[in-house]
Amino acid sequence: MDMKQKVLVTGGTGYIGSHTIIDLIQHGYEVVCVDNGSNSDTSPLQTIKQLTGVEVPFYPLDLCDLDASEQIFVDHPDIRGIIHFAALKAVGESVEKPLLYFKNNLESLMNILTLALRYKVKGFIFSSSCTVYGDAPESPVTEQTPWQEAASPYGRTKQIGEHIITDTIKDSAMQGILLRYFNPAGAHPSGIIGESPINPPQNLVPVITETAIGRRDQMTVFGTDYPTRDGSCIRDYIHVMDLARAHTLALQYLFDGKQNQSCDVFNVGIGNGLSVLEIIAAFEKETGVKLNYKLGPRRPGDVVAIYADYSRAAQLLGWQPQFTVRDIMSSAWKWEQYRTQLMENSLK
Ligand SMILES: NC(=O)c1ccc[n+]([C@@H]2O[C@H](COP(=O)([O-])OP(=O)(O)OC[C@H]3O[C@@H](n4cnc5c(N)ncnc54)[C@H](O)[C@@H]3O)[C@@H](O)[C@H]2O)c1
């Protein structure tokens with residue numbers, strides 16, 4: 001009988017982690033999940049069960065606690081791969097509390113690497129970010145584009161994290177892949193799982209849907225005098241299910257022994273930059289809902305424009321985005337309406 005390969009997903013009840021678990025299960029992997037609940041609750045585990053029929057073993061643990069975290073590997077010594085999503089990710093908060101970000105994001109990373117080596121894990125995938133490029137002088141950026149100064153302590157945890165992984169696994173049997181995400185957005189096409197952070201969302205698409213549904217009165221476009229085609233910032237929005245797929249493919253690539261070097265890195269974006277105003281227009285067109293937004297000043301820490309050259313992921317991993325910006329908008333809106341209904345029902 002074909003044995004399923006076991007994968008530990010850290011930060012697995014969070015936004016990208018929960019969507020990736022669905023893709024992993026649908027591609028024949030057995031998943032174990034850990035999350036400390038600092039930015040999610042456990043409800044995605046029920047939805048994953050509803051969508052896949054699988055109950056994922058869950059450890060409500062803080063990865064900064066090495067001894068407690070070891071229990072996962074004692075119970076599951078056959079974990080072959082780790083996808084490490086767990087981290088704090090609020091850019092603004094990281095400026096106010098840099099030590100919290102360095103401690104949480106780097107200590108958890110060093111602990112999971114320690115355990116990965118101790119338990120002879122084969123493949124390690126890391127959630128990196130296009131923030132490692134800083135304020136890139138031009139786009140698209142390739143994996144070779146030199147890094148600029150990180151715009152925040154959060155961004156620096158990703159730069160340092162990449163170095164920690166590369167140095168740590170260099171002479172080991174474990175191999176790593178660093179995935180540099182651009183701007184993940186949207187929800188599973190079912191509309192019953194999506195982005196649902198405990199802390200207020202800061203990313204554009206959830207702010208748009210929260211404004212559209214009336215949870216926020218108004219939203220602000222930060223900066224309309226950037227040197228772009230309409231003055232607002234340009235980003236590369238990637239559907240969360242396309243991003244999830246990139247993780248499954250990256251893991252398979254390692255398990256199939258296709259990677260020659262110890263650690264490799266891939267941009268995961270769709271290669272198409274859209275401005276904030278274009279995204280707002282796309283939402284209004286797709287859903288027919290008019291957004292109440294105002295134009296405001298620039299926000300510190302925002303880079304002008306960045307989008308990906310993803311040809312490396314296309315060539316080596318066989319990854320191609322399947323979803324469009326319209327799919328991002330329709331799925332995010334479907335999810336917002338669904339979760340608002342859930343919240344209203346729970347208040348009745
Ligand atoms: N969403 C984005 O725009 C984006 C872009 C680039 C990179 N990333 C990275 O992708 C990863 C996942 O992001 P997301 O959007 O799903 O965020 P998220 O906040 O929804 O998920 C992260 C999860 O990690 C958990 N966590 C945090 N610290 C932990 C710890 N010490 N121990 C155990 N669990 C812990 C949180 O509770 C949360 O559920 C993060 O590493 C993030 O930095 C996100």
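Me: How many residues has the largest nonpolar core?
Reply: It has 89 residues. This is a predicted model, by the way. The residues with the most contacts inside that core are Val7, Ile21, Val31, Leu179, Ala250 and Val268.

Me: Which helix gives the most to this core?
Reply: Helix 8, residues 240-255. It supplies nine residues.

Me: Let's take Val7. What is Val7 in contact with, neighbours within four places in sequence aside?
Reply: Leu24, Tyr29, Val31, Ile79, Arg80, Gly81, Ile83 and Leu251.

Me: And which residue of strand 4 stands opposite Val7?
Reply: Gly81. Gly81 in turn stands opposite Gly123 in strand 5.

Me: How many bridges hold those pairings?
Reply: Strand 1 (residues 6-10) and strand 4 pair in parallel over five bridges. Strand 4 and strand 5 also run parallel, joined by four bridges.

Me: Why is strand 4 largely enclosed?
Reply: Strand 4 covers residues 79-84, and five of its six residues are buried, so the rest of the structure largely encloses it.

Me: Zoom out. What is the strand order in the sheet?
Reply: The order is 3-2-1-4-5-6-10. That is an open sheet of seven strands with parallel pairing.

Me: Which are the edge strands?
Reply: Strand 3 (58-59) and strand 10 (263-268). Each pairs on one side only.

Me: Which strand does strand 10 pair with over six bridges?
Reply: Strand 6, residues 175-181, in the parallel sense. At one of the bridges, Tyr181 is partnered by Val268 of strand 10. Val268 is also among the residues with the most contacts inside the largest nonpolar core.

Me: Which strands does helix 6 touch?
Reply: Helix 6 (residues 153-169) packs on the sheet and touches strand 5 (123-129), strand 6 and strand 10. The direction of helix 6 makes about 160° with that of strand 5.

Me: New topic: the ligand. How many residues surround it?
Reply: 30 residues. The closest are Gly11, Gly14, Ser40, Ala87 and Ser127.

Me: Which elements give two or more residues to that shell?
Reply: Helix 1 (15-26), helix 5 (98-118), strand 5 and strand 7 (183-185). The largest share, three residues, comes from helix 1.

Me: How do the shell residues divide into nonpolar, polar and charged?
Reply: 12 are nonpolar, 15 polar and three charged.

Note on methods
Residues numbered from 1 in each chain as written. Predicted model: local features only at pLDDT ≥ 70, side-chain atom pairs only at ≥ 80, totals over all residues. Pairing = 2+ DSSP bridges. Contact = placed C-beta atoms within 7 Å. Axes fitted to C-alpha atoms, helices over the stretch in contact; angles between N-to-C directions. Near = placed C-beta within 6 Å. Nonpolar A, V, L, I, M, F, W, Y, C, P; charged D, E, K, R; others polar. Core = buried A, V, L, I, M, F, W, Y, C linked by C-beta atoms within 7 Å. Buried ≥ 20, exposed ≤ 12 C-beta atoms within 10 Å, placed from the backbone.
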